[in-house]
Amino acid sequence: MLPYIAEFLGTMILIILGDGVVANVNLNKSGMKGAGAVQITFAWGLAVLLPAFIFGEASGASFNPALTIALAVDGSFAWSMVPGYIIAQIAGAFVGGCIVYLLFKGQFDATEDPGTKLGVFCTGPSIANTGLNIFSETVGTFILVFAIKGIGNVTGLSTGVDKLFVFGIIVSVGMSLGGLTGYAINPARDLGPRLAHAVLPIKGKGDSNFGYGLVVPIIGPIIGAIAAVLLYGAIPW
């Protein structure tokens with residue numbers, strides 16, 4: 001039971017901090033409005049880092065269905081635990097999105113643009129092109145998972161330092177590719193808060209855009225993560 005609780009809480013914290021920085025920077029009447037993409041990108045890296053060192057020992061700190069599935073594909077994670085992990089991750093992300101709304105309700109009420117409000121919760125493309133958007137998420141997630149696997153090649157790595165490497169991976173992917181689709185690179189990170197946006201009584205909200213959300217940030221990351229572990233396993237290290 002502990003691993004599932006850890007994945008739920010870890011993903012919840014990830015979303016509180018990750019969606020929280022987007023609200024902090026983009027919503028009207030926020031004290032940090034306009035701080036920009038650099039703050040968002042670094043904060044997303046930290047949003048992964050904090051729960052990773054808290055729950056890494058308890059669950060492996062996946063917080064990401066694409067990563068969980070990929071680790072099962074390469075045999076380093078039990079398939080029997082995959083459904084429970086994914087449910088815990090999506091549920092944690094949903095609750096995290098709800099908490100962000102409660103924290104920033106006044107700022108949501110003061111913001112008129114529905115797209116800005118949706119952007120707090122989930123990702124979207126700068127140029128809508130389903131094929132290229134999926135490819136962007138595939139490539140970003142491939143780099144994320146391939147690099148996570150590659151941490152094992154670092155000799156003499158002190159316990160816990162691997163979490164700092166993951167922070168660097170998240171920031172690198174975000175700064176280089178984030179402008180394309182918002183770099184979900186994690187189906188739970190997008191779907192859970194998107195569901196929260198759909199059900200919450202957000203003043204003046206628009207459509208939750210499930211036509212995009214049920215395709216690009218789910219299919220792309222899963223393909224990219226599986227491709228990463230397959231290639232990594234095929235290399236004669």
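This short talk describes selected helices and residues of the structure shown above.

The model is predicted, so local features need pLDDT of at least 70 and side-chain atom pairs count only at pLDDT 80 or more, while totals for chains, interfaces and linings use all residues. Residues are numbered from 1 along each chain as its sequence is written, and side-chain values use heavy atoms, with hydrogens and water left out.

I begin with helices H1 and H2. Helices here are DSSP runs of H or I with at least four residues, strands are runs of E with at least two, and both are numbered from the N terminus. The axes of H1, residues 2-26, and H2 come within 9 Å and cross at roughly 165°. Axes are lines fitted to C-alpha atoms, for helices over the stretch in contact, with angles from 0 to 180 degrees between N-to-C directions. H1 and H2 are therefore roughly antiparallel; angles over 145 degrees count as such, under 35 as roughly parallel, 65 to 115 as roughly perpendicular, and the rest as oblique. Their contact has 20 nonpolar, 6 polar and 2 charged residues. In these classes, Ala, Val, Leu, Ile, Met, Phe, Trp, Tyr, Cys and Pro are nonpolar, Asp, Glu, Lys and Arg are charged, and the others, Gly among them, are polar.

Within H2 lies Gln-39, which is partly exposed at a relative accessible area of 27%. On this scale, buried means under 20% relative accessible area, exposed over 50%, and partly exposed in between, with a 1.4 Å probe and protein chains only. Leaving aside neighbours within four places in sequence, Gln-39 is in contact with Val-21, Asn-24, Val-25 and Met-32, where contact means heavy atoms within 4.5 Å.

The loop between H1 and H2 holds Lys-29, exposed with a relative accessible area of 72%. Its phi is near 70°, a positive value in a residue other than glycine. Most residues other than glycine have a negative phi. Asn-209, in the loop between H9 (187-199) and H10 (210-213), also has a positive phi, near 55°. Asn-209 is partly exposed, at 32% relative accessibility.

Next comes the loop between H2 (37-59) and H3 (65-73), where Ser-62 is placed. Is Ser-62 buried or exposed? Ser-62 is buried, with a relative accessible area of 11%. Its side chain makes a polar contact of 2.7 Å with that of Thr-68. A polar contact is a pair of N or O atoms within 3.5 Å; within protein, one must be able to donate a hydrogen and the other to accept it, and residues adjacent in sequence count only if both atoms are side-chain atoms. Beyond four places in sequence, Ser-62 is in contact with Glu-7, Leu-67, Thr-68 and Gln-89.

I turn now to H7 and H8. The axes of H7 and H8, the latter residues 161-181, come within 10 Å and cross at roughly 170°. That makes H7 roughly antiparallel to H8. By class, the contact of H7 with H8 has 11 nonpolar, 4 polar and 1 charged residues. Among the H7 residues that meet H8 are Ile-143 and Leu-144.

Thr-138 also belongs to H7, which spans residues 130-150. Thr-138 is buried, at 15% relative accessible area, and touches Gly-220, Ile-223 and Gly-224, not counting residues up to four places away in sequence. In H8 we find Phe-167, buried at 18%. With the same exclusion of residues up to four places away, Phe-167 touches Phe-42, Gly-45, Leu-46 and Leu-49.
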